[in-house]
Amino acid sequence: MKPGFYHGHISYLDFAKFGVKKKPIYINVIRDPIERLVSYYYFLRFGDDYRPGLRRRKQGDKKTFDECVAAGGSDCAPEKLWLQIPFFCGHSSECWNVGSRWALEQAKYNLINEYFLVGVTEELEDFIMLLEAALPRFFRGATELYRTGKKSHLRKTTEKKLPTKETIAKLQQSEIWKMENEFYEFALEQFQFVRAHAVREKDGELYILAQNFFYEKIYPKSN
């Protein structure tokens with residue numbers, strides 16, 4: 001059978017609940033929460049370079065992200081940050097309750113226990129290198145293609161303006177941002193841990209390390 005790769009905005013699904021014995025391999029990539037929101041805000045207004053002629057839902061709205069935050073607009077409200085946690089949490093209704101601490105902890109649990117690898121956009125090349133090293137049947141040649149190909153970044157939002165420090169500081173006061181950022185930092189730390197301890201790089205190639213186990217004898221205390 002040829003390998004199959006399914007891509008899309010899909011929240012975590014526990015296939016075992018439906019009697020599937022061999023679960024698929026889950027991988028994902030997440031992004032700094034504020035950067036993701038800013039990019040999406042401008043995407044709805046100006047689109048991207050993938051389909052530049054397509055009319056977007058907010059096309060014609062010239063208000064900047066900074067102006068939206070200053071005015072307390074709904075398109076840039078902290079609630080709009082609540083996205084990456086529920087997608088990793090899954091299909092429970094509590095996952096989609098904005099600001100749920102249970103959803104955050106469940107998302108962390110799934111990331112560690114159910115996902116083969118979760119990368120971050122800021123270290124995308126390392127993510128691809130890890131995938132090629134660990135899953136060559138699917139990703140052989142992906143690193144070189146990423147480095148030399150013209151579609152390494154398939155979609156780029158047009159006319160995006162970076163927010164000011166004041167805007168960022170205002171969003172960071174939100175408990176919702178704090179939770180989404182906690183999840184992002186958790187994912188980043190886990191990715192960097194895997195990057196440091198699971199593989200070694202030589203001449204631009206990554207090699208998966210054999211699992212090493214360490215044993216220490218423990219003796220009972222003498223009377």
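User: Does Arg147 count as buried, partly exposed or exposed, and at what relative accessibility?

Analyst: Buried means under 20% relative accessible area, exposed means over 50%, and partly exposed is in between (1.4 Å probe, protein chains only). Arg147 has 39% relative accessibility, so it counts as partly exposed. A quick note on the source: this is a predicted model, where local features need pLDDT of at least 70 and side-chain atom pairs count only at pLDDT 80 or more, while totals for chains, interfaces and linings use all residues. Residues are numbered from 1 along each chain as its sequence is written, and side-chain values use heavy atoms, with hydrogens and water left out.

User: Which residue forms a salt bridge with Arg147?

Analyst: A salt bridge is a side-chain nitrogen of Lys or Arg within 4 Å of a carboxyl oxygen of Asp or Glu. Here Arg147 pairs with Glu125, with the closest N and O atoms 2.7 Å apart. Glu125 is partly exposed too, at 28%.

User: How many salt bridges does the structure hold?

Analyst: Nine. One of them joins Glu182 and Arg101 (3.3 Å, N to O). Glu182 sits in helix α9 (residues 175-197) and Arg101 in helix α4 (residues 101-114), so this pair ties together parts 81 residues apart in sequence. Helices (H or I, at least four residues) are DSSP runs, numbered from the N terminus.

User: Which residues are linked with Arg101 in a network of salt bridges?

Analyst: Glu105, Lys108 and Glu182.

Definitions and conventions
Helices (H or I, at least four residues) and strands (E, at least two) are DSSP runs, numbered from the N terminus.
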